[in-house]
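Take a moment with the sequence and the 3D structure below. Then read the short report that follows.

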Amino acid sequence: MTSETAVAPSRPAAGPHDDGAPHGATTPGAPEEGLGRTARARARWRAGRAKLDGYPRLRVAYKVGVALAGVVVIAVGLVLVPLPGPGWLIVFVGVAVLGTEFPAAHRVTQAVRRLAHRLRLRWRAWRASRASARA
């Protein structure tokens with residue numbers, strides 16, 4: 001078997017920070033000329049995360065900071081739930097902030113996003129059926 005016919009290594013399981021982009025598509029320090037704005041931002045974010053992972057104490061401090069920020073946003077959202085305004089939306093934003101570092105919160109965020117998507121599709125179907133009934 002030659003090196004050209006070797007099987008490519010399998011991709012590791014997706015984690016909470018995996019956005020589905022192929023690994024190695026942008027490497028830190030690689031030219032970012034042909035990339036779009038979002039891809040450049042992701043490349044910078046990944047480079048920063050890689051640098052952060054090199055310092056365990058800084059990583060713990062970062063995780064604590066994200067946890068505190070997420071809990072504060074959730075607390076503000078819960079205070080605003082009985083008041084008029086986007087209380088639950090703020091709670092879900094807080095869970096999304098926690099989801100950047102904690103897999104359980106990431107799973108909750110994904111479940112809420114799936115539910116919102118299903119509700120939006122159901123709403124569109126209902127509106128389409130009403131429009132066709134009127135015509």
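Is Trp126 buried, exposed or partly exposed? Trp126 is partly exposed, because its relative accessible area is 40%. Buried means under 20% relative accessible area, exposed means over 50%, and partly exposed lies in between (1.4 Å probe, protein chains only).

## About the model

This is a predicted model, where local features need pLDDT of at least 70, side-chain atom pairs count only at pLDDT 80 or more, and totals for chains, interfaces and linings use all residues. Residues are numbered from 1 along each chain as its sequence is written, and side-chain values use heavy atoms, with hydrogens and water left out.

## Overall build

The protein chain has four helices and zero strands. From the N terminus on, the order is α-α-α-α. Helices (H or I, at least four residues) and strands (E, at least two) are DSSP runs, numbered from the N terminus.

The protein chain has 135 residues, and buried residues make up 13% of them. The protein chain exposes about 10,500 Å². Carbon and sulfur atoms supply 66% of that area. Accessible areas come from the Shrake-Rupley method with a 1.4 Å probe; for residues, only the protein chains shown count as cover. Now take contacts, meaning heavy atoms within 4.5 Å. Among those between residues at least 6 apart in sequence, 38% join residues at least 24 apart.

## The nonpolar core

Which residues make up the largest nonpolar core? They are Ile74, Val91, Val95, Leu98 and Ala105, five residues in all. Helix α3 (residues 87-99) gives the most to this core, with three residues. A nonpolar core is a set of buried Ala, Val, Leu, Ile, Met, Phe, Trp, Tyr and Cys residues joined through side-chain atoms within 4.5 Å. In soluble globular proteins, nonpolar side chains tend to be buried together.

Leu98 is in helix α3. Leu98 counts as buried because its relative accessibility is 14%. Leaving out residues up to four places away in sequence, Leu98 touches Val66, Ala67, Gly70, Val71, Ile74 and Ala105. With neighbours within four places set aside, Val95 is in contact with Ile74, Ala105, Val108 and Thr109.

## Thr109 in helix α4

Thr109 sits in helix α4 (residues 103-134). Is Thr109 buried or exposed? Thr109 is buried, because its relative accessible area is 14%. Not counting residues up to four places away in sequence, Thr109 touches Val95 and Ala96. Leu98 and Thr109 are 11 residues apart in sequence. In space they are 9.2 Å apart, C-alpha to C-alpha.

## A salt-bridge network

How many salt bridges are there? The count comes to three. A salt bridge is a side-chain nitrogen of Lys or Arg within 4 Å of a carboxyl oxygen of Asp or Glu. One of them joins the side chains of Arg49 and Glu101 (2.7 Å, N to O). Arg49 lies in helix α1 (residues 37-53) and Glu101 in the loop between α3 and α4, so this pair ties together parts that are 52 residues apart in sequence. Both Arg49 and Glu101 are buried.

Arg59 forms a salt bridge with Asp53, with the closest N and O atoms 3.3 Å apart. Arg59 is buried because its relative accessible area is 19%. Asp53 counts as partly exposed, at 48% relative accessibility. The side chains of Glu101 and Arg59 also meet in a salt bridge (3.1 Å, N to O). Arg59 lies in helix α2, so this pair ties together parts that are 42 residues apart in sequence. Glu101 has a relative accessible area of 3%, so Glu101 is buried. Salt bridges that share partners join Arg49, Asp53, Arg59 and Glu101 into one network.

## Aromatic pairs

There are two aromatic pairs by the ring rule. One of them is formed by Trp123 and Trp126: the pair is tilted, with 5.1 Å centre to centre and 35° between the planes. Rings of Phe, Tyr and Trp (its six-membered ring) pair if their centres lie within 6.5 Å; planes under 30 degrees apart count as stacked, over 60 as edge-to-face and the rest as tilted.

Trp123 and Trp126 both lie in helix α4. They are three residues apart, about one turn of the helix. Trp123 is partly exposed, because its relative accessibility is 48%.
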